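Subject: Structure for you to look at

Dear colleague,

I am handing over the structure we spoke about, with the sequence alongside. Please open it first and then read the notes below.

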Amino acid sequence: MCIKTYLFSSFQEIHKIYKCAGSQKKNTCGSFTLAYILNGLGFISHNKHKIDEDYLAYLSGVQISREDYIRLEKIKKNIQEGNLSPKEAEKNFPDVYYRYELPYSEKDSEIGTSCEGIIRACEISTDNKMTAIPVPSIRNGVLYFTEKRFSQLTRFIIEFRKNYSFQIILNYRTDKLLYMNSKNYNLFNLFFSKDPVKLIENDPWAEGHFVSTCGIIEYQGKEFYIIRDTYKNKGYEGYHIQPADILRKALIRNDDREGGMLFIIPENYKKDIEKVITEMGFVIDTWDN
């Protein structure tokens, strides 16, 4: 049986942006992911603001740590005093320099990007031409990403990926995935191993994380998601492949937080997508990540 690959629409356009984007800043996985998707779809600027990681972090209300906030204020003071240019700040302090004011929090659980924030940033930056439909894996203790339902969702994604021109952002727990930088991580072990977790092992990094998926591979009745990570040192220049059921478990998270999928779609397809998703037994709702 041959390997079938189902790439999402605008794959090449988004890839061109992605491959030149570097890696995310410290707390911006959601806005970083949304930025290269929107840029690849032709949304480059909004009200004279460049649609990028910084602007979308600002729109989505990304919170940074108090420590990083203090560092950022010192950097901006140096810029105001003429001791540093914005370009130098971007180059010398890539993890903590943002062009916009961002709030801070002293709680680790509140640092970073929220599901609601990504939806808000998507709609504002595109003047509501695009929106994001949140499909939680688990919500208020109810599991929606069962094996059966997730399989149905995967088939829906394969069959309708071009009809509705959607992109998908994932929010998962990283240490539930296969370790994409393992010496045993390769296509042969992915496709043929009876126990890939035992052979390849899980990713040692343990965090809630936003990334995108750009397509699905099908081989001998099994599906595998192609992941575009926000870190280019993951997998092959940021791309890695995860078996569908392993990804399903990562989306469920089981870390006292919730995960799920965000369908980034043209606004005029919203009702159609929501109807199909709810008919499959899912709910449309944001989640606590």
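Two rings of Phe, Tyr or Trp are counted here as a pair if their centres lie within 6.5 Å, with the six-membered ring used for Trp. In this model, which is predicted, ring pairs of that kind link Phe8, Phe156, Phe160, Tyr164, Phe166, Phe263 and Tyr269 into a cluster, and a search of the whole structure gives 22 aromatic pairs.

Phe156 and Phe160 of that cluster bring us to helix H7, which covers residues 147-160. Its 14 residues reach 20 Å from the first C-alpha to the last, close to the 20 Å expected at 1.5 Å a residue. Within H7, the buried residues are Phe150, Leu153, Thr154, Phe156, Ile157 and Ile158. As background, an α-helix has 3.6 residues a turn, so residues three or four places apart point the same way.

Strand S9, residues 167-173, is mostly covered, with seven of its seven residues buried. In a regular strand the side chains alternate between the two faces of the sheet.

What are the strands paired with S9, and how do they run? S9 is joined by five bridges to strand S13 (residues 260-266), and the two run antiparallel; here Ile169 stands opposite Leu262 of S13. S9 is also joined by six bridges to strand S10 (residues 208-219), again in an antiparallel arrangement, and in this pairing Ile168 stands opposite Thr213 of S10.

Lys232 lies over the face of Tyr18, at 4.2 Å from the ring centre. Lys91, found in helix H5 (residues 86-92), counts as exposed because its relative accessibility is 70%, and the cut-off for exposed is over 50%. From C-alpha to C-alpha, Lys91 and Tyr18 are 19 Å apart in space, and they are 73 residues apart in sequence.

With best wishes

Note on methods. Residues are numbered from 1 along each chain as its sequence is written. This is a predicted model: local features need pLDDT of at least 70, side-chain atom pairs count only at pLDDT 80 or more; totals for chains, interfaces and linings use all residues. Side-chain values use heavy atoms; hydrogens and water are left out. Helices (H or I, at least four residues) and strands (E, at least two) are DSSP runs, numbered from the N terminus. The expected span of a helix is 1.5 Å times one less than its number of residues. Buried means under 20% relative accessible area, exposed over 50%, partly exposed in between (1.4 Å probe, protein chains only). Two strands pair if DSSP finds at least two bridges between them. Rings of Phe, Tyr and Trp (its six-membered ring) pair if their centres lie within 6.5 Å; planes under 30 degrees apart count as stacked, over 60 as edge-to-face and the rest as tilted. A charge sits over a ring if NZ of Lys or CZ of Arg is within 6 Å of the ring centre and within 35 degrees of the ring normal.
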